[in-house]
Amino acid sequence: MADRKTRDADFTLATSTAGATTLDMRDMVSAIVAFGTVEGASSTLQLWASNASAGTFRRLYKADGNAADVTFVPSTSEARAFCLPDEAFGVEFLKIVSASTAFTGVTGVVMFKS
């Protein structure tokens with residue numbers, strides 16, 4: 001078995017793809033999205049995909065037609081981490097977009113494994 005490699009990427013949440021951080025997913029097989037303590041109600045993190053870092057980003061959907069979103073459940077008492085869904089690993093570039101303006105500007109880190 002080949003050695004696994006890891007890397008981290010900082011990102012900032014925005015409510016549009018234009019303001020969202022572009023994440024390079026090439027050669028990645030899994031990833032965890034981590035946040036510090038954050039105040040607010042549960043929200044949706046939408047995943048947007050493109051084949052080019054400056055290309056057109058499209059909303060990512062599962063084969064069953066449902067959006068490949070992540071439910072973001074923030075906490076003021078503990079830092080939390082969320083797995084990206086399998087669908088995210090078939091794309092070259094990804095943007096994580098907050099469905100709630102309450103989380104605009106919240107920073108996190110994506111921990112990748114290749």
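**Strand partners, a buried serine and the core**

Author: Ile32 has Met111 as its bridge partner in β9. The model is a predicted one, in which local features need pLDDT of at least 70 and side-chain atom pairs count only at pLDDT 80 or more, while totals for chains, interfaces and linings use all residues. Residues are numbered from 1 along each chain as its sequence is written, and side-chain values use heavy atoms, with hydrogens and water left out.

The strands named here are DSSP runs (E, at least two residues), numbered from the N terminus, as are helices (H or I, at least four residues). Two strands are said to pair if DSSP finds at least two bridges between them. On that basis, strand β3 (residues 30-35) and strand β9 (residues 107-113) are joined by 6 bridges in the antiparallel sense. A further bridge partner in β9 is Val109, which faces Ala34. β3 also pairs with strand β7 (residues 80-83), again antiparallel, over 4 bridges; there Val33 stands opposite Phe82. These pairings belong to an open sheet of 4 strands in the order β1-β9-β3-β7, with antiparallel pairing. The edges are held by β1 and β7, each with a single partner strand, so one side of each has no neighbour in the sheet. From one strand to the next the twist averages 25°, where axes are lines fitted to C-alpha atoms (for helices, over the stretch in contact) and angles run from 0 to 180 degrees between N-to-C directions. Strands of a sheet pair through backbone hydrogen bonds, either parallel or antiparallel.

Asp27 lies in the loop between β2 (22-24) and β3. Its phi is near 70°, a positive value in a residue other than glycine. Most residues other than glycine have a negative phi. Asp27 is exposed, at 67% relative accessible area; buried means under 20%, exposed over 50%, and partly exposed in between (1.4 Å probe, protein chains only).

The account now turns to β4 and its partners. β4 has 6 of its 8 residues buried, so the strand is largely enclosed by the rest of the structure. Strand β8 (residues 93-98) is paired with β4 in the antiparallel sense over 6 bridges, and Leu47 stands opposite Ile96 there. Strand β6 (residues 70-72) is likewise an antiparallel partner of β4, over 3 bridges, with Val70 as the bridge partner of Leu45. β5 runs antiparallel to β4 and is joined to it by 2 bridges; Ala49 has Arg58 as its bridge partner in β5.

Ser50 is in strand β4 (residues 43-50). With a relative accessible area of 6%, Ser50 is buried. Contact in general means heavy atoms within 4.5 Å. Leaving aside neighbours within four places in sequence, Ser50 is in contact with Gly55, Thr56, Phe57, Glu92 and Phe93.

Thr56 is found in the loop between β4 and β5 (58-59). At 52% relative accessibility, Thr56 counts as exposed. Beyond four places in sequence, Thr56 touches Ala49 and Ser50. Thr56 and Glu92 are 36 residues apart in sequence and 12 Å apart in space, C-alpha to C-alpha.

In β8 there is another serine, Ser98, which is buried at 2% relative accessible area. The Ser98 side chain reaches the backbone oxygen of Ser100 at 2.8 Å. Among the contacts of Ser98 beyond four places in sequence are Ser43, Thr44 and Leu45.

A nonpolar core is a set of buried Ala, Val, Leu, Ile, Met, Phe, Trp, Tyr and Cys residues joined through side-chain atoms within 4.5 Å. The largest such core has 28 residues, and Met25, Phe35, Leu84, Leu94 and Ile96 have the most contacts inside it. Two or more residues of this core come from each of β1 (6-12), β3, β4, β6, β8 and β9. In soluble globular proteins, nonpolar side chains tend to be buried together.

Key: Polar contact = N/O pair within 3.5 Å; in protein donor to acceptor, adjacent residues only side chain to side chain.
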